[in-house]
Structures are given as structure tokens and as C-alpha cells.
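Me: I am new to this structure and would like to learn how to read it feature by feature. Could you take me through it slowly?

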Amino acid sequence: MATAEKYVGGGVPRKEDPKLLTGQGQFLEGLTLPGMLHAALVRSPHGSARINSVDVSAAAAAEGVVAALSGADLADEWAAGLPMAWPVTDDIRIPDHWPVAQDVVRYVGDAVAVVVATSRNAALDAAELVEVDYEVLEAVVDVEAALADGAPRVHESFDDNKSYTWALTNGDVDAAFAKADVVVAERYTQPRLIPNAMEPRAVVAQSVPSTGDFTVWSTTQIPHVAKVLFALTLGIPEGQIRVIAPPDVGGGFGSKLNVYAEEALCIALARRLGKPVKWVAGRSEGYLATIHGRDQVQEIEIAATSDGKILGYRVHILAAMGAYLQLVAPGVPLLGAFLYCGCYGGEAYHFECTGVFTNTTPTDAYRGAGRPEATYAIERVIDALAREVGVDAAEIRRRNFLPAGDMVQSPGGLAFDSADYEPALDRALELLDYDGFRSDQAERRAGGGRRQTGVGFSSYVEICGLAPSQVLASLKYGAGGWDAATVRMLPTGKAEVVTGSSPHGQGHVTSWSQIAADALGIPYEDVTVLHGDTHVAPHGMNTYGSRSLAVAGVAVHNACGRVVDKARGLAAHLLEVAPEDLEYEAGTFSVKGVPDRTKSMPELAFAAWTAHSLPEDSEPGLEASCVYDPPNFTFPFGTHVAVVEVDTETGAVDLVRYIAVDDCGPVINPVIVDGQVHGGVAQGIAAALYEEATYAEDGTLETASMVNYLVPSAAEFPSFETDRTVTPSTSNPMGVKGIGEAGTIGSAPAVINAIVDALSHLGVTDVPMPASPERVWRAIRAAQGGEE
Amino acid sequence: MRIAARVNGLAWSGEVEPRLLLSDFLRSEVGLTGTHVGCEHGVCGACTVQLDGEPVRACLMFAVQVDGREVTTVEGLAEAQPGEAITVEDLHPVQRALHEAHGLQCGFCTPGILMTAEAFLRDNPTPSREEIREAVSGHLCRCTGYHNIVEGVARAAELLAADGPAAHDDDDR
């Protein structure tokens, strides 16, 4: 397909922006329906407790209240519990997970009752009147404590708090360690993180009692997947549910990649009451009731030669699942399972992960999902190896990079689509002026001042665009890896693109318009992109795991190709030549050698619509669909560099430079790609320096508001320096890879490595995340023989 | 309680519950849903509006506190006449600059940032990047990493300067 790339590759300003800039965004909280009721939940204040009784009578009698219901009152609403779609092993323990708890609450925030009223305030007021009698039980909030003998059990029906153990071995690991000159063993903890999409979750469910039809608006990343799972959870025929992710969804980062209690509950309440029911999360409520991320303990050991060549890897991790298994939670560590060897070689690899129940908010996929954890471990431990064997941190990476090429076999077991790691490292070093930095650093150390400087590297490779579906089956993933697009030329010469992706800030409308406008040879403004409504876009696997461009975007590209193919047949028919006698460029077919005999795409769209004269065997209309199931994942990569200044007296860290050189293949919109990198990097830096959700021993979330869960502001970041190398993927015809999570995956280890580098002359080898001034100060004290 | 205020140049008067937050008042009573509620506890800044030209957090004020005063929301920022539809051509330089700089992604935090940035640039028409970072540090954005928000506000300062001081200073707020 010949295309003139007029829009692809250009920093076209986004189509999404004008309405968002003028207050015309169509976010769910602005949706009001006639007769709409509002739900408020009563949530457990205990980490673990038996429910003796729930008395809703006072709430039911309050002004404006239409219904007040306990978990027991609602028990008959569920055809199944809340879904978990990634049972990673045959013997995984999967607890019942009801939208409203019936006998036991297992985390602070577990729902015990719901009040429905004519206004949100009336519902919230009445929820205060619900009396719950609890028998408080001992809670366990830490993964290691949860596995100790005699630990309180989160689920009485299981013998202990283990959900599953999943393992992977490639090669002879013992032999690799036996012949090694050095073995470096490290232990890291991944703090629990709260995703913090700026728009809180919300849902509106509407029923039509006479037909049994439902419409559900939800701030979701996954309207199509949710439709299937709502049908199963509520026992509603799938064809009678329409799910709409509103035109504007205010961020997700994985937190809206789930099927939540409140969604099921609003549908059940709409069914029961025959009225539309709305629920909107408050921020602190969201902190309890929306998935968290990370919360792992990692042990990683690498075996190497004396010159720093890695021979083997041994990895053992404990991953908190929280109190229940949310949609894909058990699979999150598996997304990192193949990446604890990063972009490096070696002979043998062993990975083992145990999923652990704790009395905490359930975890699930948060931006990066498994890959930030893996990348952190390997990028930290390779620095430890560099120190052990006395090799420079940049050099040790270079020595261990997998060779450049296509389908490069990694010790983790996957074949990387297109690898070329050195140029990104080289470019990052050049932007940094590495030699200049080291001489500044040496000067500063010699000066002995309190502010010392350090540099940290992170050369990452990551996995996105989960595919193909057969491979996902081998990992026991409960869905496919495909996505869908329909491209339709309208009679007036405009085009409509229907996508299975469900954007929530990424700019798919802009990027898909660029792809279609170039392929169809029409102006960018003439492309409309429809998404997020299962009645409009019937097929989709939606938006998560940096899959949208590499799967759904490729489906758009392929569908455009099919439209052009069909248009060629029609053009040939109308021009009375053979299809192969036509040339296609920028939306115009012309007869070879007779350039003034042409048919343009708008002319053909109109001719296909009137259908007055069509080729034999051709149907009216000019549209085509594609369901694309890629042959492999895509593996974006890059090198990130952090430069920090550390006040050695207070432990305060200043991030002074951040350089990101990423390779996501050919770029559709460089401005959008930079934006994804900036935002991703900021979330990784936030994890490295500021953010951590903590629990008290009784299961109380201590960081239950934005006042004490430290989402950083602009004042905490430098401007970012970004650049790219371009190595096309072999996994799709466009050569594109995902970029939504790369920044988060690459950044945290670069920052911590930089802090350790700044303090290495003081003997510091580790600072835990988040590296608060106190933790840095303690690390310095400990290294110098003082008390921690 | 009965209140009378001007919202984006139009008079509003009526009864409100004393406990009604300014953010809820704007969204449900006045019907201006461009003011977003992100945290309801005064940290995220998404609900920022201008009260007599100065930025305030609408989730930390009651509707009754705006009695007799002028509220400007994101819907009032573009140059359209009060009550008229806003089009792309009407975008205020701060809005245009954020668009050009890709200073927004999901757009949920954007209205609040615009209201702060517009007031900030009135006070400081030629800010440094450092000053811009400080000025918008009362707003949380989870998408952009702030890089392009800072660039956007810097660009807005240029656009406003190019529009000439008259376009800016004759603002009678």
C-alpha cells in the first residue's frame, strides 16, 4: 500500500484538546439521567473482621433514601463472584469475591452495605447510619509475615495465605552458578503504590425493565472486556448489555483495567430498583477501593565471570495479591517473569514467584505491571555486579547486552522482536557528557562538600502488546491478544474509524486519524474516530499493557489497506482498466501512463454508496474491517540516565537531570510519544523518591489521602531530556512498539542507582524506595558504622 | 440560603444549601461541568476557579461564600461573549499554548491549571521555568510529568506578550 506520509511522523496537534481546554470534556461525573439515584457504600474500617450483623433500618428511614441493603440482602443478585481472569497455575487458590461482603471483611474498604438515595449527599449521610456489628480479627498486611507459621489467615478456607507459586527455568542454573567467579545476591522491596488517575472512578447503570436491557457507563479502560464479565457476574444475557466508556476518561494507568464491585453493584441496583444508579468515588474512598500496584519482595542472584559477564540468574519473589484476586492480579508478576535478565545474555535462568494474600486492598496491574519490578531488580543488581568486579556501570551493561538483531533469544525464554541496545546507551552517554560528569563528580568528592552528585543508568527492555493469543493461552491468560478496527469511507468523502481500543488520555483519536488520513489520502480533519461504546465498536480488547498502537493501531492500518484494495477494484471498473494498471498515491488512483485519468478516494466513496455501477461480485459501500492478532509481543527498549545531587547531611535528594533515550520503533506522533515518556518517567521517579502506601498492623491504610500519599508536583521534577533510536519491530507491518509504560519501567532504578552512586564513596550500596531524606540519611549513617 | 453571584459574566441567584461546596454548586446548580473534582480535600487543584480574578480551590469553599462576587471557571476563559458557545478560534492564549505544547493528556486536571496559569501570568508576564514550576505546583497531573505543562505556560507568556500589553492590562478584574 503506497502512502504519502503527510501526517504520520509529524507532531500533529491533538484533536482531543479543544474540548478538554474549554471545559467541554465529556467525563462521566457530568452525566445525569432522569430519575437517577445515587449509591454510597458502607465500608469496613477493619482489616479483618467477622460481620455479626448489619442493621440498615435507620439508613433506610432517612430522608431521600430509596434502599439500604447489606451484603446478605444482595446475595441473590450475583450469578458469580467478581471475575479473576488469569489463573496462572492449575492449583491456584481463588477465593470467593462478592461485590458486597456477606460474612467476613478482609481489608479496610471492603464493602458491607450500600445506601441508594435521591442525591449523593443524602446517600453519604444515610450510609453513616448503617450499624455494623463486627468481631474484629487479627489482620496481616505484610507478605513475609503472611507466610510465617501461625500467621492469621486472610481466607479461613485455605490452609495458609499462599495463592499460587509459578516457576520458570531455562538452562542448567546450578551449573552456571557453579562455574561463576562471582555471585551477587541482592534483596529489594517494591513499595505498594496507588495509581492515582486524576479522575476518580465512577459508574452509572441504567436498566430498561420491560426489555431487560442495560446500559452501563463506566470510567473503564476495558468496556468490551467488562461487558462479557458483567454478563457473567450478573447473569444478564451479554447481548442485552451495552457498556460505554465515556468519550473522556481521566487517566487509568491500570487502575481502570478491572471489573469492580461498584460496577456490578450499580447494575444490580438498577435492575432491582428500575432506576438509573450512579456511584462516584471520593479520592480517599478510591484509595481503599481501587487496585493498588507493586508490593513485592524480590531476591535476585546473578552469577558472573570475573570480568562481569553474566552466566546465570536466580530470582525469587513474593507478590502481594491483597485480600482477593482482582481481574489479572496473579498474572502481573508473570509479565515481569521473563525480564529479570533485562536486555542481557547468559546461559541459565530461574524465576519463581509466590502470590500472597494479605488484609489489604487488592493489587493488580499498575503502569508497567511486573516489568518495572523486574527492571528495577536487574538494573540494580547489575550495578552491584559492576561494583563487585570493578567495572564501570555503563561498561558492564555494554558487556552483557544481547547481540543486535531480529528475534534475539533471551535467557528469560522469549525471543525479542528487534534488539539493538548499544546505540541507545551511546546516545544517552553522549547527551549526558559522561566523561565530563565523572570529572565533575571526582572534583566534588575531592572537595568533600556536603552536596555530592551521582549518575544512575537503566538499560531496559520491556514487553508490550500481549500477543499472540496462543501464547497467552500457554500462560493461562483468560482473554485474547487481538484487537479490531473498521474503516468506513462515508458518502461525502470523509472517513470513520471504529476502534477496539479505549483511550483515556493517550490521544488515540489523533494517532488513528494520522494513520487513516495518510493511508486513505484524505485530510486529517476528515477522519472521525469512534471508540468506547460496545454498540458502536462491537469488537475490542481495549487499552492496557501498551498494546493500543501495536495491536489496535495496526488493525486500523490494515483495515485502511483493505479499503484501498476495494477502492482499487472500483476505480479500475469505473476507469475501464485492469486493477494492476492503476497507481495509488495519496488517495488517488491513476492509470499508469495516463496520469490525467484518475479517481480519488472521495469520488470512489460516493460511487460505492450510490452503487450505480459496481464491479461484478462487489457489494455497495467502501469499508473494511481487520481483527489483528500479532505474531509476537513487541519489546521496546532504551537507556535512561538520572543525575542527582544528594545532601549528605540531610539525605535530601535533588534530581537535577533526567535523560531518556527510548526505542519504540517508528513514531506516529513524536509529540504524543514524548508526552507518554514524560508521564511514564514521572511515575517511576515518583515511586523512587516519594510514593508509598503503608498499612498499620491492624490493616488501616495510613496513607489514605493525597495529604500523606505523596504524589509529586511540578516543583519536584526537572525538565526531561528525551531522544530516540528507531529499530522497527518485526511483530507488525508498521514496525511499531508500545511506549505507554516504558518511562515508568526505565526510571526508578536509574534514580536509585544515581543516589547510590552519589554516596558510593561513603560506602552506601543500597537505599530502599522511596528514597526519602530520612532513608538516605540512615543509609549514610549505616554505611559509616553509625546506627541505622 | 439565598445568594447572588456572577459566574463567567452572567448573573446567578437562587437558594443553596449552606453546606453546598462551590465545586458542587458550579457543576450541579450552574451546570458548568468543566470544573473537575479530583480529591475533594484541597490537594490536587483540579477544581481551581477564579474568585474575583484570584485562583481558589472550589472544593474548599462553600457556595454561600461567593455571594456578591464574581466567579470565573474554565468555561469563561475563552474570548466568547458571556453565554455564547466557545469555539477553537476563541481559545485564550493560555489554552492555545497548552494545546500547542501538548500540555494535556487526559485533560482532567487541565481546567484547574488553566485558571491558575492565567492568573499567574497576569502577575508575572515573563516568568522563568523555575517560577512556572512553582506556580503550578498546587496542581497534580498524573499524565504529563509536568514537562509540557511548564512549556505550555512559558509559551502562553510569549503569546500574551505578542498579543500586546493592551490585550492583557485592560482586563478590569
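**Reading a strand, a core and the contacts**

Reply: Let us begin with strand β9 (residues 202-208) of chain A, which is largely enclosed by the rest of the structure because 6 of its 7 residues are buried. Buried means that 20 or more other C-beta atoms, placed from the backbone, lie within 10 Å of a residue's own, while 12 or fewer make it exposed and counts in between partly exposed; strands (E, at least two residues) and helices (H or I, at least four) are DSSP runs, numbered from the N terminus. This is a predicted model, in which local features need pLDDT of at least 70 and side-chain atom pairs count only at pLDDT 80 or more, whereas totals for chains, interfaces and linings use all residues. Residues are numbered from 1 along each chain as its sequence is written, and chains are lettered from A and ligands numbered from 1 in the order in which they are written.

Me: Which strands pair with β9(A), and in which sense?

Reply: In a regular strand the side chains alternate between the two faces of the sheet. Here β9(A) runs antiparallel to strand β12 (residues 277-280) of chain A, joined by 4 bridges, with Ala205(A) opposite Val277(A); two strands pair if DSSP finds at least two bridges between them. Strand β10 (residues 213-218) of chain A is also antiparallel to β9(A), over 6 bridges, and Val203(A) stands opposite Ser218(A). The hairpin of β9(A) and β10(A) has 4 residues between the strands, and Gly212(A) in this hairpin takes a positive phi near 80 degrees.

Me: Which residues touch the most other members of the largest nonpolar core?

Reply: In soluble globular proteins, nonpolar side chains tend to be buried together. A nonpolar core is a set of buried Ala, Val, Leu, Ile, Met, Phe, Trp, Tyr and Cys residues joined through C-beta atoms within 7 Å. The largest one has 330 residues, of which Val115(A), Ala516(A), Val751(A) and Ile755(A) touch the most other members. Helix α17(A) gives the most to this core, with 14 residues.

Me: How many residues does α17(A) have, and what follows it?

Reply: Helix α17 (residues 548-575) of chain A has 28 residues and reaches 38 Å from first C-alpha to last, close to the 40 Å expected, a span taken as 1.5 Å times one less than the number of residues. Just after α17(A), Glu576(A) takes a positive phi of about 60 degrees.

Me: How many residues of chain B are in contact with chain A?

Reply: Contact means C-beta atoms, placed from the backbone, within 7 Å, and 50 residues of chain B are in contact with 44 residues of chain A.

Methods. Two residues are in contact if their C-beta atoms, placed from the backbone, lie within 7 Å.
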